[in-house]
Amino acid sequence: MRAELSVVIPTLNAEAGLPACLASLMEGVEAGLIRELVISDGGSDDATLQIADDVGALMVQGAASRGGQLRRGVAQTQGTWVLVIHSDCTLPQGWSDAVTAQMQTGNPAYFQLRFDARGLAPALVAAWANFRARFLGLPYGDQGLLIAQAEYEAIGGYPDQPLMEDVAIARVLRGRLKRLPLAITTNADKYQRDGWVRRGGRNLTLLIRYLLGADPHKLVRRY
């Protein structure tokens, strides 16, 4: 198989989760699927850049803005398809086959979500995320995004904004986004630190305000 997938990961002091994220990509490397890995960093002062360098990633640096980082990162890719994932997420076993099959359909796609924590609260938050993605067409960035380079360029790519860049691009792709049959695992530390109800409620409030037209540069201060 010709390597045709570029992987883009935005980072900011991501040394804790990045190694596991990168390890989960090895399946795609071994399958000959991944052409390149781009780390788009927003000014890390921990070991993030060293970890990225150790695995031979192409590194792009700039201001800490998730939309801007993704925009810069994807701009450096040369694959016919792009997979965007967060540094605190790990891909499931079998992801390379699922992604390959999805690429053959031509449609952009996202993963289902689960947390690396057990209990009712993680299950409920993940269930809401999967419902929102499937029935409202609004997957968040921690569910990943698989998209053909040509389609990404045709829609104008990620907006250069610090928050809700994932929602912005999902709204443009609504009706075409497909759900992959596997779940990506995201780190639950932020929820466990802030409280599942509190953080979940805050995220929902931010989403509603953004959909009603609030400026993401103002929303990011509350996030």
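**Aromatic pairs, patch and salt bridges**

Me: What separates tryptophan 128 and phenylalanine 131 in helix 5?
Reply: Tryptophan 128 and phenylalanine 131 are about one helical turn apart, because they lie three residues from each other in helix 5, residues 120-135. Helices here are DSSP runs of H or I with at least four residues, strands are runs of E with at least two, and both are numbered from the N terminus.

Me: What should I keep in mind about the model and the numbering?
Reply: The model is predicted, so local features need pLDDT of at least 70 and side-chain atom pairs count only at pLDDT 80 or more, while totals for chains, interfaces and linings use all residues. Residues are numbered from 1 along each chain as its sequence is written, and side-chain values use heavy atoms, with hydrogens and water left out.

Me: How many aromatic pairs are there in the whole structure?
Reply: The search finds six aromatic pairs. In one of them, the ring centres of tryptophan 128 and phenylalanine 131 are 6.1 Å apart and the planes stand at 25°, so this pair is stacked. Rings of Phe, Tyr and Trp (its six-membered ring) pair if their centres lie within 6.5 Å; planes under 30 degrees apart are stacked, over 60 edge-to-face, and the rest tilted.

Me: Is tryptophan 128 buried, partly exposed or exposed, and what of phenylalanine 131?
Reply: Tryptophan 128 is partly exposed at a relative accessible area of 34%, and phenylalanine 131 is partly exposed at 42%. Buried means under 20% relative accessible area, exposed over 50%, and partly exposed in between (1.4 Å probe, protein chains only).

Me: Which geometry does phenylalanine 131 have with phenylalanine 135?
Reply: Phenylalanine 131 and phenylalanine 135 form a tilted pair, 5.0 Å centre to centre with 40° between the planes. These two are four residues apart in helix 5, so about one helical turn lies between them. Phenylalanine 135 is exposed, at 55% relative accessible area.

Me: Which residues make the nonpolar surface patch?
Reply: Trp128, Phe131, Phe135, Leu136, Leu204, Ile208 and Leu212 make a patch of about 710 Å². Patches take residues with over 30% relative accessible area and no salt bridge, joining like charges within 9 Å and nonpolar side chains (Val, Leu, Ile, Met, Phe, Trp, Tyr) within 5 Å. A salt bridge is a side-chain nitrogen of Lys or Arg within 4 Å of a carboxyl oxygen of Asp or Glu. Areas come from the Shrake-Rupley method with a 1.4 Å probe, and for residues only the protein chains shown count as cover.

Me: Which helix gives the most to that patch?
Reply: Helix 5 does, with three residues. Helix 5 and helix 9 (196-211) each supply at least two. Leucine 204 belongs to helix 9 and is partly exposed at 35%.

Me: Which rings have a charge sitting over them?
Reply: The charged end of arginine 132 sits over the ring of tyrosine 140, 3.5 Å from its centre. Likewise, the charged end of arginine 199 sits over the ring of tyrosine 191 at 5.8 Å. The criterion is NZ of Lys or CZ of Arg within 6 Å of the ring centre and within 35 degrees of the ring normal. Tyr191 also forms one aromatic cluster with Phe115 and Trp196.

Me: On to salt bridges: how many does the structure hold?
Reply: The structure holds six salt bridges. In one of them, glutamate 165 meets arginine 66 at 3.1 Å, N to O. This pair links distant parts of the chain, from helix 7 (residues 165-173) to helix 3 (residues 66-75), 99 residues apart. Glutamate 165 is buried at 1%, whereas arginine 66 is partly exposed at 22%.

Me: Where do glutamate 151 and arginine 176 lie?
Reply: The side chains of glutamate 151 and arginine 176 meet in a salt bridge at 2.7 Å, N to O. Glutamate 151 is in helix 6 (residues 149-154) and arginine 176 in the loop between helix 7 and strand 8 (178-186), 25 residues apart. Glutamate 151 is buried at 16%.

Me: Which residues are linked in a network of salt bridges?
Reply: Arg193, Asp194, Arg199 and Arg202 are linked in one. Within it, arginine 193 and aspartate 194 have their closest N and O atoms 3.1 Å apart.

Me: Finally, how many helices and strands are in the protein chain?
Reply: The chain has 10 helices and eight strands. Its radius of gyration is 16 Å, close to the 17 Å that the globule rule gives for 223 residues, so the chain is as compact as a globular protein of that length. That radius is taken over C-alpha atoms, and the rule is 2.2 Å times the number of residues to the power 0.38. Of the 223 residues, 51% count as buried.
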